[in-house]
Amino acid sequence: MNLPLFHSLMTWLVGFDETGIAVIGGIGVFVTVLALGRALVPHDPMAARLKSHQQRRQHLLQEILAGDAPEGKAKQDFVQIIRKLVERLKLTRGDEARKTTDKLAQAGWRSRDKLVVYLGARFLMPFVAGAGALFIVTLMGENLSMLSAVSAAGAGVLIGAYFPVLVLKNAVARRYQKIRRQLPDALDLLVICAEAGLSLDAALTRVAREMGPSATELSDEVGLTAIELGFLPNRRQALLNLIRRADLPPIRAVINTLMQTERYGTPLAHSLRVLAAEFRDDRMMKAEEKAARLPAIMTVPMILFILPCLFVVLIGPAIIQVIETFK
């Protein structure tokens with residue numbers, strides 16, 4: 001034993017009075033009781049995980065349901081005016097309104113205000129575009145015939161009627177394209193979560209959390225599906241809702257696989273791995289098809305733009321020399 005260290009320690013202890021020694025003893029007793037309590041009381045390691053999972057669910061639910069809420073008093077007043085008009089005309093009722101809701105959900109617009117604004121735009125845009133076209137044509141020409149004015153107004157009405165539909169279709173197509181590109185990576189991560197022993201709800205929540213920064217669209221859909229699996233009484237309906245929001249053949253294949261595993265208990269990881277490999281092969285085949293079409297696509301621009309310039313550069317000096325010689 002180190003004698004100088006022991007001597008210094010004893011000297012330090014002797015220098016204390018009775019109060020100091022009692023304080024040190026009390027601290028030692030407290031630490032001993034705390035250690036024994038932690039050793040004897042059962043510790044649940046899943047409590048923190050479950051709490052974090054519930055917090056994540058609430059956060060996702062608030063983002064999905066309230067994330068598209070209008071900001072600003074002026075915007076809220078505008079939406080309220082459009083809502084009164086739409087409700088008075090009863091545009092939010094019927095099968096057409098339900099189909100429109102599904103289309104808006106496929107574009108990522110899930111809030112009630114988006115439906116109201118879209119229906120209001122489809123109703124008002126023909127009148128606004130027709131009046132605007134008629135006003136512009138009137139300003140452009142003084143001696144305007146009735147036929148020209150009616151034609152301009154009709155063209156404006158047609159453009160205004162189809163413009164919201166085209167905007168919605170383009171938004172759905174862009175979102176579908178992003179989801180199709182992001183799906184193989186999400187399946188690989190889902191396979192890893194399934195092999196790690198996570199349940200379907202926990203695996204989907206993990207995939208939504210990890211792919212949020214890089215794959216926002218697919219992360220939103222997967223996170224909403226995980227929330228519905230915990231909230232809805234019918235888990236099959238929660239999976240079918242994902243097809244309703246993203247009606248793509250790869251999504252249908254994944255949902256059919258998940259429903260099969262839910263019903264028959266088939267291995268989830270192996271089925272998802274096969275699907276991920278098929279989707280990657282399909283993406284590679286599409287890239288090869290685009291590369292194979294490239295020569296045929298480039299033929300016309302080369303003939304129209306590149307070859308004339310090449311002929312001018314190569315044959316132009318010879319033609320100039322021939323002209324100068326004959327002169």
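Axes here are lines fitted to C-alpha atoms, for helices over the stretch in contact, and angles run from 0 to 180 degrees between N-to-C directions. The model on screen is predicted.

**Stop 1: helix 7 and helix 11**

Select residues 146-195, which form helix 7, together with residues 249-264, which form helix 11. The two pack with their axes 10 Å apart, at an angle of about 30°. Angles under 35 degrees count as roughly parallel, and helix 7 and helix 11 are therefore roughly parallel to each other. To see the contact, show the side chains of Ile179, Leu183 and Leu187 on helix 7, and Pro250, Ile251 and Val254 on helix 11. By class, this contact of helix 7 with helix 11 holds six nonpolar residues, no polar and no charged ones.

**Stop 2: helix 7 and helix 9**

The axes of helix 7 and helix 9 cross at roughly 75° and come within 8 Å. Helix 7 and helix 9 are therefore roughly perpendicular to each other. On the helix 7 side, select Arg175, Lys178, Ile179, Gln182, Leu183 and Ala186; on the helix 9 side, select Thr216, Glu217, Leu218, Asp220 and Glu221. The contact of helix 7 with helix 9 divides into four nonpolar, two polar and five charged residues.

**Stop 3: Glu221**

Is Glu221 buried or exposed? Its relative accessible area is 0%, so Glu221 is buried. Leaving aside residues up to four places away in sequence, Glu221 touches Ala105, Arg110, Arg175, Ile179, Leu242 and Arg245.

Arg175 and Glu221 meet in a salt bridge through their side chains, at 2.8 Å from N to O. This pair links distant parts of the chain, with Arg175 in helix 7 and Glu221 in helix 9, 46 residues apart. Arg175 has 8% relative accessibility and so counts as buried.

Next, select Arg245, whose side chain meets that of Glu221 in a salt bridge of 2.6 Å, N to O. Arg245 lies in helix 10 (residues 235-245) and Glu221 in helix 9, so the pair ties together parts that are 24 residues apart in sequence. Arg245 is buried, as is Glu221.

**Stop 4: Arg252 and Asp247**

Move to Arg252, which forms a salt bridge with Asp247; their closest N and O atoms are 2.8 Å apart. Arg252 is partly exposed, at a relative accessible area of 38%. Asp247 also counts as partly exposed, at 35% relative accessibility.

**Last selection**

Finally, select Arg175, Glu221, Glu228 and Arg245, which salt bridges with shared partners join into one network. The whole structure contains twelve salt bridges.

Key
Residues are numbered from 1 along each chain as its sequence is written. This is a predicted model: local features need pLDDT of at least 70, side-chain atom pairs count only at pLDDT 80 or more; totals for chains, interfaces and linings use all residues. Side-chain values use heavy atoms; hydrogens and water are left out. Helices (H or I, at least four residues) and strands (E, at least two) are DSSP runs, numbered from the N terminus. Angles under 35 degrees count as roughly parallel, over 145 as roughly antiparallel, 65 to 115 as roughly perpendicular and the rest as oblique. Contact means heavy atoms within 4.5 Å. Ala, Val, Leu, Ile, Met, Phe, Trp, Tyr, Cys and Pro count as nonpolar, Asp, Glu, Lys and Arg as charged, and the others, Gly among them, as polar. Buried means under 20% relative accessible area, exposed over 50%, partly exposed in between (1.4 Å probe, protein chains only). A salt bridge is a side-chain nitrogen of Lys or Arg within 4 Å of a carboxyl oxygen of Asp or Glu.
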